[in-house]
Amino acid sequence: MRSAARWQREAGSFRQGSYNPANAWRFARRSSDQRPLPVLFPTNPRHMSQMLLQTPLCGWHESHGGRMVDFAGWKMPVQYASIVDEHLATRRAAGLFDVSHMGRLAVQGPAASAWLESLLTRRVAGIEPGRVRYTLITSDAADSGVAVLDDALVSRDVDAADGTPRLALVVNASNREKVVAWLRTKLPPAGVTLMDRTSDTAMIAVQGPVAIDIVCQLCDPLEAAQIRQLGNYRATTATVAGQPAAVSRTGYTGEDGVELIVAAAAAVPVWDAVYAAGASAGLLACGLGARDTLRLEAGMPLYGHELRADSDPFAIGLDLAVNLEGRSFPGSGRFAALRDRPAGRVRVGLAFDSKRSAREGNSVWHGDREVGVVTSGSFSPTLQRSIAMSMVDRDVATAGTALDVLIRDTRQAATVAPLPFYRRLAKAPALQP
Amino acid sequence: MAAEMRFAKSHEWVRPEPSGLATVGVSAYAVAALTDLVFMQLPAVGRRVKAGESFGEIESVKAVSDLYSPVSGEIVEVNAALPNALETLGKDPYNAGWIIRIRPDNPTELDTLLDQAAYDSLVKSQPH
């Protein structure tokens, strides 16, 4: 007999010790009965650990039908009414995401740029204020020579009043404490300060073809024009709905849009203002469920799934995140060896004809040979079929290769597909066929 | 023998038909909680199931759930159109949204299941 508990563990888990369906879906077991009686529904937030961290928007999520789960120790909404509706709203109009659980770190001081650059896989010392870069954070690992601690966005703010550089790091919620602990061990005695600003601030993402329009309604014309002119991976500051905000043209959905960082006390007024301004345009609040399906369609890696401590960034396709030219960082020697002598499995997309989803951990087969493992999988609301990302042997990694994925007890046919599955068009928000 | 609809604690419903068969589906409460249904796996006609045994699965965007047979018997019909029209489960879970029909081994087995009132109490007591 197949156990529902086993299937629930396989299905759709965020591996970062966080959204695990086994936590979210309650099972009752009577002492007189050996069978689990599955109760299909998410646990009541009242029963959830009172130790969970809450963003300033937690009350809003709960009062608007948010189904709350434990995500990396935060009480977060996985969905409001429908993951598919939230996903499609983001592709067609706009989605509003509370991403305040992510770690926001501030690095300052005369030696800040050089110090931080020595610990990231990208250069930061020479970047200008307003530039954002995607980077990995690595540490030395005795056995393998390198451990990838996280992927992150690093940006340079306007210099402090005394002319010293100010940099910011946005890290995954699940890795915040680990990254802070690591960085603290590397701080010099003077010249650099590191502050965890996560609880002082909030972060709100507005993503979709009309996201920028909506946010610009809440700014004065001059700042609205600045936001519209922001290039990808660029940031500025603006007053949004009367609140000071850092505005970056970044996101985790594959759509145009911005991520706003505001003071914690400003979170609710800014969220309310964006929500109201976007209502007539079709903006929906979106939970972590839609966040996952959107990033999967966009082929973006998730730490704990595509990216892990022992990952080869080149094999995952993150070449752009690693700059080895004339510089070093923890593990750079190992990364150079991996770049020069590629080996091991590589990341590919898998497209299915059916709507049955592969999930992390499902094995991938080429005939009788096991050739890989799924790292993320879900139904794709845009493509109306299931998709997945997986690590597979290089000889079966060519687009068009026919593979099978073992989903529970059944082999499901899949085809290797190039990433991303979805790419937004420059002008019209059309969906890929 | 129960003449009206009965419910399993796992939220499947079963209704005895005049023909002697029992029709099985999932309750409106179950459907509303699942949301975003994308896939359903139906069993083969002719398969035998025991009460409490999984006869298929239903998948939403976020998770997969087993479907458990409320009674023991032989599956004699499946609603083959349903997997391609999962919205029917939301619109009409107790009629057009039927999932399988079983020839029960033991019709009195239905009496051990929850009646409407008991199931309604169960639903009210669910944490939500």
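**Exercise 1.** What percentage of the 433 residues in chain A is buried?

*Solution.* The model is predicted. A residue counts as buried if 20 or more other C-beta atoms lie within 10 Å of its own. By this criterion, buried residues account for 50% of chain A. The chain contains 12 helices and 21 strands.

**Exercise 2.** Identify the domains of chain A and describe the contact between them.

*Solution.* Begin with the assignment: domain 1 of chain A comprises 91-284 + 297-342, and domain 2 comprises 344-433. Next, consider their placement: the C-alpha centres of the two domains are 28 Å apart. The contact involves 16 residues from domain 1 of chain A and 20 residues from domain 2 of chain A. On the domain 1 side, the elements giving two or more residues are α4 (83-92) and α11 (313-316) of chain A. Finally, the residues of that side are classified as five nonpolar, four polar and seven charged.

**Exercise 3.** In which order do the six strands of the barrel in chain A follow one another?

*Solution.* The order in which the barrel closes is β16-β19-β18-β17-β20-β21 (chain A), with antiparallel pairing. Neighbouring strands of this sheet are turned against each other by 45° on average, direction ignored. Now examine one pair: β18 (residues 369-380) and β19 (residues 385-392) of chain A are antiparallel and joined over eight bridges. Within this region, A:Phe379 is opposite A:Ser386 of β19(A). Lastly, helix α10 (residues 288-297) of chain A packs on the sheet and touches β18 and β19 of chain A. The direction of helix α10 makes about 125° with that of β18(A).

Note on methods
Residues are numbered from 1 along each chain as its sequence is written. Chains are lettered from A and ligands numbered from 1 in the order in which they are written. This is a predicted model: local features need pLDDT of at least 70, side-chain atom pairs count only at pLDDT 80 or more; totals for chains, interfaces and linings use all residues. Helices (H or I, at least four residues) and strands (E, at least two) are DSSP runs, numbered from the N terminus. A residue is buried if 20 or more other C-beta atoms lie within 10 Å of its own, exposed if 12 or fewer, and partly exposed in between; C-beta atoms are placed from the backbone. Domain bounds come from an automatic or database domain assignment. Two residues are in contact if their C-beta atoms, placed from the backbone, lie within 7 Å. Ala, Val, Leu, Ile, Met, Phe, Trp, Tyr, Cys and Pro count as nonpolar, Asp, Glu, Lys and Arg as charged, and the others, Gly among them, as polar. Two strands pair if DSSP finds at least two bridges between them. Axes are lines fitted to C-alpha atoms, for helices over the stretch in contact, and angles run from 0 to 180 degrees between N-to-C directions.
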